[in-house]
Each structure stands twice: as C-alpha cells, then as structure tokens.
Amino acid sequence: MGKAWTAAWKHRALYLMMLPGLAYFVTYKYGPMYGAIIAFKDYNVAQGMMGSAWADPWYKHFLYFYRSPYFSSLLWNTFLISLYKLVWGMLPGIALAIMLFEIGNRTFKRWVQTISYLPHFLSWVIVYGMVMAFLSESTGLINMWLQEWFGFKIGFLTSTDYFRSILVGTDLWKDLGWSAIIYLAAISGVSPALFEAATVDGAGRLRKIWHVTLPGIRNVIVLLLILRLGHMLDAGFDQIYIMYNIHVYPVADIIDTWVFRTGLEQFNFSMASAVGLFKSIIGFALVLAANRVAKLWGENIW
Amino acid sequence: MVKTGMVDRLVLSFIYGTLILLSLSVLFPIFYVVAVSLTPFEEVLRNGGFIVVPRAITWEAYRIFLTNDRIPDAYQVTFIITVAGTLINLVLTALLAYPLSKPRLPGRKIFLLLIVFTMLFNGGIIPTYLIVKATGLLNTLWAMMIPNAVSAFNLLIMKTFYENLPESLDEAAKIDGAGEVRTLVQIVLPLSMPIMATIGLFYSVGHWNEFFQAIMYVSDTAKFPLQVVLRGILSRSQSVEELSLEETMPTESLQMAAVILTAVPIIVVYPFIQKHFTQGVLLGSIKG
Amino acid sequence: MKKAIPVLLMMVMLVGVVLAGCGDNSPSSSGKPSGQAERGDSSKDSNASKEPVEITVMLSGPGVPDLDKNPIWQQLSNDLNMDMELNVIASEYDQQLNVKMAGGTPPDLFNIGKVPLTEMGRQGLLLDLEPYLDDMPNVKALYDENLLNKGRVDGTLYALPKRADIPMDSLWIRKDWLERLDLEMPTNLETFKEVALAFTNEDPDGNGKADTYGITGTALYTFAPIFGAYGTGGPGSYAIKGGELVYTTEDPAFREALSYIADLIAAGVVDPEIMANKGTDDQQKAFQGKAGILFRGWGELVKDSYVEQYKSINPDAEWVQVGALEGPGDNYMSVWDLGRTPNRLAIPKSLEKSPEKLEQVLELLNYVTGDGKGQNIVNYGIEGTHYKVENGEVVPLPAMSDLDYSWQMQLTARDELAYLSVKFANQKPYIAFAQEQPRLEVYDSFIPVPQGVVADDKTTYETEEITKFIYGRRPLGDYDQFIETLYKQFQLQLYLDSAEDTLTELGYLQ
C-alpha cells in the first residue's frame, strides 16, 4: 500500500492536471447515470426517478421490446446497416487520407481536401432533398435518363433492393472527407525519416504505403475501430428517420427509429431507457472484446 | 528501379484520377445547392427540382434569411460558444490526455476504462437536465459549453498522439530539471499542433453545429444558436404535422441559402487547420 | 481489468446515492385546488399601481417576432399588466416540454399533444381546470361539453383544447387538363378512373412525353375520397355505423375500396412515390404538372401565394375542387375526426402554489377567447393599425399582412368561419365548398391507447400490409389472414374494447 502511495505522490503534478477534467466526468457524465434505473421502474414524471415504483417484473420493459413482433428484424437491420457503414465508413477514409498524403501538388491537395469535407456540413434533410433530385422515381434526374434511353424506371427509394445501398452510399458521400481528416493528422505524425529509409531501400509508393504509412497509423485505426464497434447498434437515426418510408421498413427500420415512434406514441421513458441500456451493454461488451483482440496484435486503447 | 518508377507513376495517376472523380461527385450536388439558393423559387419548381445552370439569379433568399429577426443574435451566440467552448475543450482535454498517456501513471487503466465507459452508458436526458439545473447552467450560454466539455473520443485520440511522442523528450526535459507542467507547456504543446488543430476542429465544428443542448437547456429564444434557427426553417418543410393556413412555407431556395450561410463560416476554417498537418512532418524530424 | 469493474460500479452507485438526495426535486403533488385563487375584481383599474405579473408561456409553432417587434404581444402585456415570456418552439417541442416537466421547471402555460396530455395528466402533473372555468367566463360561455371532452383525460379536464377548425380538404383536379382532353368532371368512381387514366396516358400537358400521372398525394391519405365513396375511411379509424362501432380496416367496404385502389395502382395512374412523399412534396409535384388529381386542403392550393406560384409555372393551369365521388357507399368526401383539435393548452399542477401567476394565466386565456377586445387583438391586431370596423364587420388594412404569425398567439383559436372570411376573403367559395362536403364522422382522437401494447407496431403492420395489398405484393385473398394477425399478434381486441368503453362513456355509443 505504502509503495503505491509513494508512486502516486511522485506523480501528484499529473493528477492535479487531471483534476478539472475528472471533475467534469464525475459531475456531468457519472452524475446523471443513476437515471438508468428507470429502465427497471415504471417511471412517473411526478414521482421522479427515485420515487417511481419498480417495474414488475424488473425486466418488464426489456420484455416489451423483446416481444415486439419486429424485434428480430429491428436487430438484424440495425446490425447490418451498422456493419456496412463501418466498413464503408473506415476503409475509404483511410484510402483517401493516404492518397492525399501521396500527392505532391500542394494546391491540388488543398482543394481536394476542402471540397471533400464540404458535404459533412449538409444536414440529412438537405442530402435527402438531393437524393430525391437524382433518384426520385417520378421527378429524379437519373430516372428521367433511364426513361429516355431505356424506357423504364427504378423506384430506388421505395425498393427494398436498393434502399440500404442508398443509406450506406449517402453516408459515405457525406462523411468521407471528414473521416479522412483524422487519418491525415495521424499520417502527418509519421516520421519522414522512415519514408526516407524506405526510399533508400528502393521501395516504391505502394510498398511505402504498405510498410510505412499503414503501420504508422495502425494505432489510430485500431482505436477508431474499437470505438466504432461500441456503437454498432447506432445505425444512424437521423438519416434513416428522414429517408425511409413504409415500403422499405422491412430493410430499414432500426432500433432507434422504432423506439422513437413507440416512445413518441406512448411516452414510455422506461422502455426507451431499457432499450438504451440494452444497446449500451452490447456496445460495452463489443468494446471490451475488441480491445482484447487488439491486444493480441499488440495494440489496445488502455 | 525503372520498374518501380513506372508503377509509381501509374499509382500516382490513379490517385489523381480518383481524387478528381471524388471532387466532382461532391461538387456536382453542392453546385446544385448553390444553384437552387440563387434561383427564383418558381424556376426551381418548374425544373422539377433539378437545376444545372439557373436562367435567372436572385439574392432574395439570402436577403430573407439575413433579415430574419433571430439571425444576428444567433450568429453571435454561435460565435461565442464556438470560440470559448473550443478553448475550454482543448485545455481540459489536453490536461487529461497528457497524464493518461504516461504508462507509468498509477491508476491509468482504471481512469481510461471509466472514461470509455461514459462513451457507451449515459443516464439519459432527464437526469442530465437535473444536473445542469443543479449546477446553475440553465438558460445560460455555459449550458452549451460545459455539459460537453470533454469528449471521450477526442481525449483518446489525443492520448494516442501523446503516446507516440518519443520518451526521450520526457527524459531530456527531466535532465533539464523541468517539472511536468513545464514539460507539457514548453516541450509537448509546441509539438502537438497537428493534433491540437485536428481536435480543435472537431470541437469547434461540434459547437458550431450545436443543437441538442441548446434546445434542452436554453428556453430563451434569444439565446438560441444558429443551428436551432436553421432547424426551425428546415424542419417545417419536412414536418408531418398539418401546416397552418397562414404559415408561409420556407421555399427551397430559402432553405438552401440558409444552409450555405450557416455552413460557410465554419468551412473556411479548414484550410487554416491544414497548414498544421504539414507542420506535423516537422515534428517527425525532431523525433528521428 | 478485473479490478476495474467493481471500482466502476461503486463509483456509479455512490454518485447515484448522492444525487438521489439532492437532484430529484420533483414537484410534490399534494394540495387540492386552493379554492378560486383570489381574483382582483378591479384588476383593470389598478393596473398602473401593480407590478406586472411574470408568466412564462411555451407554444409550438414556427416562431413569432420578439416583443419589440410584436404589437400583439405588446398589446396583450399592456392590457393585462403582465410580463409574459413567450417562447415559440419550432422543432422537438415534445422533448423540450418533457425535460422541463421532469426537471421541475415547467412553463406556466403550454401547448401539449394528445399523448403527453394523457400521460402527464395521469401522473398528476397538470392542473384540473374544471374548478377554474368560472374564472374564465368567456371560455365557459363558448366551450360546450363536446369541446371540453377533447381536453379531458379519464373525465378530468387537464387541458383546454383549441376551438375546432372546419374541414378544409377536398379533391382537386386540373380543369385545363380536363378541357384539353375533352373530358367531363368526374362524378363517380368510374369516371374518376377514366380521367386518371387519361391524365396518365393521353399527354394532358401536350408536351409529347409520357411524364404525367393521374393522381399524387401523401401516403394512404391520397385515397381518402375513394374510401369515402365506398362509405368508409382510411385504415385504423373508429366510426359508428348503425349504432355499432366499426373499425374501418375490418369494414367490408374498406376491402372493396382496396381492390379499386389496387386497380388504379396497377394501371400506373398513381404517382409511384406517394408513400415516400413528405410535407408538401405532393403539392409541388402537382404544381410542376406531374399529376392532375390531388386530395388536399384549399390552403395548400388556392391561397393567393400558391395560385401565383402555379400560374407562374404554367399560366394555363387551373385547379378546381371536385365534389365527393359517387360509389357503392354513402359518398363521403373523407372522414372527419370529431375528437380532433388543432392543439391544447395546459397549466402545471405546481402553479397552484403561485396564485398570482395562476390568476394571470387564467385572465390571459379568458381575454383572448370570445368576441371581446382580446380575441380581436390576437386575430387581427390593433384596431386602426391592422384593421378597422365597418358596419360591425372587421375589414383588414394593409398592415394586417405583417401579422402572419398571429395564429400562434391565438391561444384558444377562434371562431373559424368568421376569421377565415376576414383573412381569406378571396377563398370564400373554396372554404364553403370544402365545409359542405359530406364526411364520415370518426372518433379516433378520443380513443386512448390501451395499456401494455405497442400501438405503433400495430399501425406499422397495418400500413405495411395495406401498402402490400394495394401494390399487389400480397393478394387480397389474404385479407382475412391479415385481420386475424391484427387480432392475434397486435391485440386489436384491446383497442376495440378501449374504443367501446370510451365512446360509451362519452355518450356516442349506447
């Protein structure tokens, strides 16, 4: 014990530095956490978090969710859309960052970077408006061309075949440039000496990317991957809520949209909280598991 | 050697090609947003939504947006919370990230786990509201800065960056007799411009887009930031509620103008951030 | 790792315990209505001497100008000697109301939706307004039991509904297209279908391209007049036929209507994206000349600004109303929900403890209701500036057009017809036409969601399957099976019981 204290005392300056940040986490993040108990209560606004009666049985609100005839399809849609977005959200971002790093022309680089990150600032409502302008069956540009040249139309937005691709595609389009920023910052931290050494060894571009750039940003990639895994059950509420329609519910309805509709209709905070808890637990398990796997590769986040 | 050179050139032209295609795929729709904002609304309707080159141009939509009562206040609020908020964010985040990057710090793992935990579990809207209320932030600009003062995500990124700094820096500082604080301020901080710029960008974009905390914790409409006003304009047209008879729907031109005017100030920040990415390479040379 | 978890749990628990002590100041719901809050009988005269009373009002709407640019707000504050903080919220209203209620900081007067009303009412957060009606003579005089029922939850008056509006929607058609194709105005389901076919296939806009549809609209609402012609309503409505409760989805007439609609869709005359249309997408498609038939309110088609809009796109375009179609049923235009109200107003239970504020809120509600000065202010603005009175009639002055936000200040709404004929004088014939259309009365808004069901799952399933039926993705032969699933898996019986009970209690069913 004594030893531990001595070690800690030695780093008192570091602890002191952390104090404001930790105080923040304790107050604003841990402070409200007791609220999660309403998942096990029949929350009544008038009686407050503590005063409300316990749910009977305690897993009542979890059961409610589980018993919905849509439970399995919600879970599957959420997982699938999330997985697609994970793959299509990370790999192209990394690729873009590497490509930007590879090119020498400063002006061109700067232009491409600024342009590619523009769509991040458009809201989903606007993006949906543009999707409609291109893909709408009755007024969209692409369908007008299809009709003129091939004599048929495709109901992209009302077809279960295309809808997920549209979700993933627009997500990719919107955030590609934005997600590249972080990798680019990481690449700029890789020592040029390594690149020089590789050049001396006669390595070409591709070899350098493979042997220098990628290993150089490996820890950032692993970190982001683990953190994103924690949010596997968040498949993008805003986007889907704005873009979906009844035709594509079978492939696009996710946990969050369901909770939103159900909660709105019935004002059921307890159930919303139970579903939130369910998502968090799965997310946390995924993070722990992923971190363990990452450890095997010699990377982990703590 | 010769072969490698060929491949390199091929790779390079592939990269240029891809980047040009990518830029076009972004520019084309963005161009559409701009075109719609500048086109008289009747023209927009007549074209069935899609306009490539507007036949007539009008600044009317911009005028309407900028003369809206709420706009000057909203710009001011957004500007304040972006600048002050980002400063608070960076200071607190760096002060947490730096100690946590030291493998020798006792208790480091527990702190990190506790922080990751908050990324996944939260108490929900109502208890958070009660805390914000208890700490006296309701209906102040602080309510849009303090409750999200440190992002665990950004913290981990910054920590990872610090971990990559060579230990030798630390030792050198120690030999010079510098304390932890001096090491951070005089040695580490100057080297962390790329990461500070990146994380600063993340935070400031977050503040610029501030919406949720504003509507939750601020009830005075005069203290609403830009995005809340923007959302008000955009959501009416997507709303499923029945419209009131007297309500004039914001036209699509107005919506697009509003989007442009609310996004441009933060978009122009990026080129300044980029500068630091090239400086990052300098940092690397110190390392080597 | 292993050590971390207990530490973490302890921390969570500790913080929880600490906060449980201090954070949760829920408003205690003790105390009965403290009798009639003492009313200053001479409040009008002693205005000058008294400090203005502060009240906060939260409404949902696109927004109103600030006090210094809002003559209605100024006038109300003046007349009533109050300091009103008015916040009009354009988005996420329910969420904001929830946290304010739960956080113990409710506004003194606020809009509330049907579902939150039921929940908050049952949880004892709202003031029972019944004992206070006497303090609001204008309200008492104008609100009959029928209207008050819309604000009642389990028999308690937790909210004051806005006074009802009148039916405004009807079928609209492009008259110039009819003329160009030499067609008669459709009067029954057969001619309706012929016209829709012609609008799709015979190039009604004469541009030589097959780029038009007969009908557009939003979701199943598109087909309201067709359900009407069959004597029924869209899915999920509760009607009373021959003294019996009828759930429209189960109505045999509904099934017939579906097969007619399925034919229309199979014939390709319906905009393929009706289910994806949102907001006013359908209206815009109609204005663009993509479709020639639309079911909508007159407000979205013939308001002056909209007429100008569609005429600017095509000067020949002319939208006219079509009467209810004849069909095998009772030829309704659509349904009319007797329980609907544009919005409701509630007062938090906690306001009992501030009698002065409560009194001020009641006075405000009373003032803006009825034929008096207050109602005129919120309807038309300031006399002499925004309107004048000639022969007892309100005549608008040009400045009235600045007050396009006034409807948001009309807390208890208005006498609809009188109001519309002042504000929409040009649209009078359309207003009358829509109002005169026969409608099937339904009772949906009265009926509470039964306990222990996920109401949205039922609605989703219902809409999903009906969409499949009309798009031919599921044969209509399966219909009985569909109804059976509604009962078995989605607890339809519970809804019907709830409807039966409520409607009996309200006296609509014997």
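Colleague: How many helices and strands does the secondary structure of chain B come to?

Modeller: Helices (H or I, at least four residues) and strands (E, at least two) are DSSP runs, numbered from the N terminus, and by that rule chain B has 14 helices and 0 strands. This is a predicted model, in which local features need pLDDT of at least 70 and side-chain atom pairs count only at pLDDT 80 or more, while totals for chains, interfaces and linings use all residues. Residues are numbered from 1 along each chain as its sequence is written, chains are lettered from A and ligands numbered from 1 in the order in which they are written, and side-chain values use heavy atoms, with hydrogens and water left out.

Colleague: What share of the 288 residues in chain B do buried residues make up?

Modeller: Buried means under 20% relative accessible area, exposed over 50%, and partly exposed in between (1.4 Å probe, protein chains only); in chain B, buried residues make up 57% of the 288 residues.

Colleague: How many salt bridges does the structure hold over all chains?

Modeller: Side chains of opposite charge can pair when their charged atoms come close. A salt bridge here is a side-chain nitrogen of Lys or Arg within 4 Å of a carboxyl oxygen of Asp or Glu, and the structure holds 37 of them over all chains. One of them joins A:Asp42 to A:Lys60, with the closest N and O atoms 3.1 Å apart. That pair links distant parts of the chain, since A:Asp42 is in the loop between α2 (12-30) and α3 (48-51) of chain A and A:Lys60 is in helix α4 (residues 60-67) of chain A, 18 residues apart. A:Asp42 is partly exposed at 28% relative accessibility, and A:Lys60 is partly exposed at 31%.

Colleague: Is B:Glu180, the partner of B:Arg104 in a salt bridge, buried or exposed?

Modeller: B:Glu180 is buried, with a relative accessible area of 14%, whereas B:Arg104 is partly exposed at 32%. The closest N and O atoms of this salt bridge are 3.6 Å apart. B:Arg104 sits in the loop between α4 (71-100) and α5 (108-120) of chain B, and B:Glu180 in helix α9 (residues 180-191) of chain B, 76 residues apart.

Colleague: In what sense do strand β9 and strand β10 of chain C pair?

Modeller: Strand β9 (residues 238-241) and strand β10 (residues 244-247) of chain C pair in the antiparallel sense over 4 bridges. They form a hairpin with 2 residues between them, and C:Gly242 in the turn has a positive phi of about 55°. C:Lys241 stands opposite C:Glu244 in β10(C).

Colleague: Which residues of chain C are linked in a network of salt bridges?

Modeller: The network of salt bridges links C:Glu465, C:Lys468, C:Arg474 and C:Asp478.

Technical notes: Two strands pair if DSSP finds at least two bridges between them.
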